[in-house]
Amino acid sequence: MTVAEWVDVARASDIPPGHAARVEIDEVPVAIFNVDGAFYALDDTCSHAEASLSEGDLDVDRCAIECPLHGSTFDLRTGEPLTLPAVEPVRVHHVDVDQNGVLRVALNGTGA
Ligand code: FES
């Protein structure tokens, strides 16, 4: 997949386990989730309608996020919907923590 530039978005400690944050990179809303210390970054906008996935319920056991509007769940590792009504995946972005504890994201598939 196409890898854009890494962008520093937060300190990793700003998003504790079980929490989410919403950032914007090149005007793309991105949701970042911390699942037991592992970070995942997806498009923040649900593939079904206009809802912010970072405001949904994080399911740590399934490594999934439940959309706050109609309840579709998405696998944080793949972006694939696990339940209806969403049928399209959301994009998964690259996320990393550097040696200084800074969380950085590289957008996936933006043509950069
Ligand atoms: S907006 Fe997310 S399931 Fe409908």
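**Strand pairing, burial and side-chain contacts**

Aspartate 59 stands opposite alanine 64 in strand S6. The structure is a predicted model, in which local features require pLDDT of at least 70 and side-chain atom pairs count only at pLDDT 80 or more, while totals for chains, interfaces and linings use all residues. Residues are numbered from 1 along each chain as its sequence is written, and side-chain values use heavy atoms, with hydrogens and water left out.

Strands S5 and S6 (residues 64-66) pair in the antiparallel sense over three bridges. Strands here are DSSP runs of E of at least two residues, numbered from the N terminus, and two strands pair if DSSP finds at least two bridges between them. An open sheet of three strands, with antiparallel pairing, has the order S5-S6-S7. Its edge strands are S5 (57-59) and S7 (73-75), each of which pairs on one side only. From one strand to the next the twist averages 25°, with axes taken as lines fitted to C-alpha atoms and angles running from 0 to 180 degrees between N-to-C directions.

Strand S8 (residues 92-97) pairs with S9 in the antiparallel sense over four bridges, and valine 95 of one chain segment stands opposite valine 105 in S9. The hairpin of S8 and S9 has four residues between the strands, and glycine 101 takes a positive phi near 80° there. Six of the seven residues of S9 are buried, where buried means under 20% relative accessible area, exposed over 50% and partly exposed in between (1.4 Å probe, protein chains only).

Asparagine 108 belongs to S9 (residues 102-108) and is buried, with a relative accessible area of 11%. The side chain of asparagine 108 reaches the backbone oxygen of valine 92 at 2.9 Å; a polar contact is a pair of N or O atoms within 3.5 Å, one able to donate a hydrogen and the other to accept it within protein, and residues adjacent in sequence count only if both atoms are side-chain atoms. Arginine 104 lies over the face of tryptophan 6, at 4.4 Å from the ring centre. This arrangement requires CZ of Arg, or NZ of Lys, within 6 Å of the ring centre and within 35 degrees of the ring normal.

The largest nonpolar core has 15 residues, and Phe33, Leu53, Phe74 and Leu76 have the most contacts inside it. Such a core is a set of buried Ala, Val, Leu, Ile, Met, Phe, Trp, Tyr and Cys residues joined through side-chain atoms within 4.5 Å. Strands S3 (28-35) and S4 (38-43) are the elements that give two or more residues to this core, and the largest share, three residues, comes from S3.
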